[in-house]
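Please read it alongside the model shown here.

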Amino acid sequence: MGIVVLTMKASVIEMFLVFLVTGIHSNKEITKKIKRPKFAVPQINCDVKAGKIINPEFMVQCPAGCQDPKYHVYGTDVYASYSSVCGAAVHSGVLDNSGGKILVRKVAGQSGYKGSYSNGVQSLSLPRWRESFIVSEGKPKKGVTYPAALTYSSSKSPAAKAGETTKAYQKPSVPETATMPVTLTQVPTTTAAKATHTFLPKASPSAASTTGSPRPQPIFHRSQELEETDSWKLGLVPLDVGFVPKEELSTQPLQPVSQGDPSCKVDLSFVIDGSSSIGKRRFRIQKQFLVDVAQALDIGPAGPLMGVVQYGDNPAIQFNLKTHMNSRDVKAAIEKMTPRGGLSNVGRALSFVTKNFFSKANGNRGGAPNVAVVMVDGWPTDKVEEASRLARESGINIFFITIEGAIEKEKQYVIEPNFANKAVCRTNGFYSLNVQSWFSLHKTLQPLVKRVCDSDRLACSKTCFNSADIGFVIDGSSSVGTSNFRTVLQFVANLSKEFEISDTDTRIGAVQYTYEQRLEFGFDQYSSKPDILNAIKRVGYWSGGTSTGAAINYALEQLFKKSKPNKRKLMVLITDGRSYDDVRIPAMAAHQKGVITYAIGIAWAAQDELEVIATHPARDHSFFVDEFDHLYRFVPRVIQNICTEFNSRPRN
Ligand SMILES: *[C@@H]1O[C@H](CO)[C@@H](O)[C@H](O)[C@H]1NC(C)=O
């Protein structure tokens with residue numbers, strides 16, 4: 001200490017300059033610091049987890065005995081910050097069981113920490129964690145200032161106490177001296193005064209910023225990140241919840257499996273290229289793309305579900321919609337896939353998907369749009385147009401991603417030029433994405449995910465069964481009679497059964513009329529088939545006159561006015577006699593409003609009137625049945641006409 005004082009006297013002029021900067025009162029403070037024998041690296045116990053320490057990069061002194069299995073470690077090389085810092089250091093070989101100094105650097109959280117046995121420590125696997133760290137030998141890097149005291153995320157933890165011995169350093173009286181002690185302790189005490197001299201100007205704000213200078217980028221080990229092992233299973237998720245704060249516990253790592261993004265409820269089939277021409281490398285890029293899509297989609301039972309069909313000569317289902325119900329499991333399954341080889345029979349693959357993939361047994365939910373994303377490397381070796389049309393007509397929305405398509409001189413080999421545009425339902429580019437190179441495939445990720453989830457625009461999934469608002473207009477006049485009225489209701493129910501019924505698919509409404517009219521139920525009242533069938537059954541026979549014209553007007557007002565803009569509006573009017581009022585004007589109003597009107601007349605119904613009511617051409621939209629008992633025969637005919645008309649409408 002005498003030396004210090006002497007040295008200070010010797011350099012009194014220099015010190016004076018320093019005091020001008022820092023203020024006289026800090027003299028004492030500086031002296032006190034200089035008195036510190038040596039920089040002490042903060043000490044921690046074996047059980048301190050990296051996540052408890054807030055500092056992004058720090059040096060610590062580990063005690064002996066951290067090899068003990070009770071100090072859990074998660075990961076290999078890159079450790080989840082839920083791990084014991086010192087345990088991880090032993091595992092990585094930076095430290096042995098006798099303890100010592102180590103350097104710790106925080107890096108980004110990741111998924112798939114892989115456990116391994118190394119240096120006497122068994123580390124565990126962890127599906128994901130929000131923060132990681134890496135450890136290296138306790139040699140300070142040049143130009144990096146390490147904290148002399150660690151900042152803990154919770155002061156209550158015993159770990160914090162371990163750091164208290166060095167707390168004294170953390171009470172600098174000069175505001176910007178947070179980094180001072182460290183610099184100070186890096187020089188021998190004998191030259192302390194000199195150090196003070198060189199050190200103080202450094203404590204200026206500009207010097208402080210050097211501690212915040214960019215650090216080397218986190219090191220990521222892809223191989224481990226991409227593999228899944230059995231040890232991922234929940235059993236290995238830490239049960240020792242030690243110092244983990246409550247909010248951490250609730251989310252990590254016993255993170256509940258995602259239910260999926262509810263704003264993107266689609267049943268998705270990736271139809272991927274496994275043909276010989278694709279090669280291993282491009283196949284791998286394709287797999288990575290699928291993994292990225294799966295992650296971006298957030299797969300789950302309440303959101304999107306995803307299956308994969310791989311094609312070559314022949315297609316095969318790799319996994320279906322319900323095999324893996326979260327992004328992580330889907331990712332693991334994708335990573336296990338190997339190319340099938342053979343030709344690029346895309347058309348065959350699409351037929352296969354239409355027939356086999358979207359079945360209930362494969363997890364098709366019915367209420368979610370069916371989407372097939374077809375990946376094509378180059379061009380297909382068979383025809384796809386017809387297969388695509390059939391797929392679309394069965395309700396599948398087809399997206400094509402063509403990668404490295406035929407260049408000019410290769411075009412002669414392409415069987416079906418412009419196949420992608422012919423395969424999709426619209427040629428406006430929404431459904432087909434063309435990528436010049438496999439290396440730019442990732443750029444289609446966001447556009448694809450956005451489009452696949454845009455259920456309002458998935459118009460290709462519209463079929464005659466799922467795209468209409470159907471309003472039944474039922475004659476309840478006295479001439480019908482109770483028993484025949486039941487038959488009419490059965491007919492209405494039998495027709496309704498054929499459709500896919502939900503809020504977003506086909507909706508059914510019903511009006512009963514005599515002289516008067518009443519709304520039995522509107523389009524938005526029931527959204528499932530059983531509910532609709534029940535509601536039809538419950539319709540009570542009214543009995544009265546027959547004002548068909550007024551009934552049409554009423555249906556337009558009470559039912560079709562509330563139809564959704566993108567729905568086809570179908571009116572099915574059932575009557576057993578001539579109307580008391582004029583039907584011509586109400587019928588014209590219906591046709592003008594785009595309501596496609598089917599007229600079904602029984603027994604005493606007037607054919608000419610049916611033809612006026614029906615949409616043109618009347619022979620496709622009007623039916624005459626001589627007896628109520630024969631009504632059932634017309635169910636398939638009416639359905640067929642509805643579908644024929646639907647399919648004959650232009651798609652664009
Ligand atoms: C409705 O369907 C049932 C069962 O298939 C059949 O027995 C009945 O005759 C049908 N009735 C009408 C009117 O379509």
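## Helices α17 and α18

Helix α17 (residues 482-497) packs against helix α18 (residues 529-537) at an angle of about 165 degrees, and their axes are 9 Å apart. Helices are DSSP runs of H or I with at least four residues, numbered from the N terminus. Axes are lines fitted to C-alpha atoms over the stretch in contact, and angles run from 0 to 180 degrees between N-to-C directions. α17 and α18 are therefore roughly antiparallel to each other (a term for angles over 145 degrees).

On the α17 side the contact (heavy atoms within 4.5 Å) is made by R486, L489, V492, A493, S496 and K497, and on the α18 side by K529, I532, L533, I536 and K537. These residues divide into six nonpolar, one polar and four charged. Here Ala, Val, Leu, Ile, Met, Phe, Trp, Tyr, Cys and Pro count as nonpolar, Asp, Glu, Lys and Arg as charged, and the others, Gly among them, as polar.

## Helices α11 and α12

Helix α11 (residues 279-297) and helix α12 (residues 327-335) cross at roughly 175 degrees, with axes that come within 9 Å. α11 and α12 are therefore roughly antiparallel to each other.

## The ligand

Around the ligand are T487, Q490, F491, N494, Y632 and V635 (each with a heavy atom within 4 Å). An N or O atom in the side chain of Q490 is 2.9 Å from a nitrogen atom of the ligand.

## About the model

The model is predicted: local features need pLDDT of at least 70, side-chain atom pairs count only at pLDDT 80 or more, and totals for chains, interfaces and linings use all residues. Residues are numbered from 1 along each chain as its sequence is written, and side-chain values use heavy atoms, leaving out hydrogens and water.

How values were computed. Helices (H or I, at least four residues) and strands (E, at least two) are DSSP runs, numbered from the N terminus. Angles under 35 degrees count as roughly parallel, over 145 as roughly antiparallel, 65 to 115 as roughly perpendicular and the rest as oblique. A polar contact is a pair of N or O atoms within 3.5 Å; within protein, one must be able to donate a hydrogen and the other to accept it, and residues adjacent in sequence count only if both atoms are side-chain atoms.
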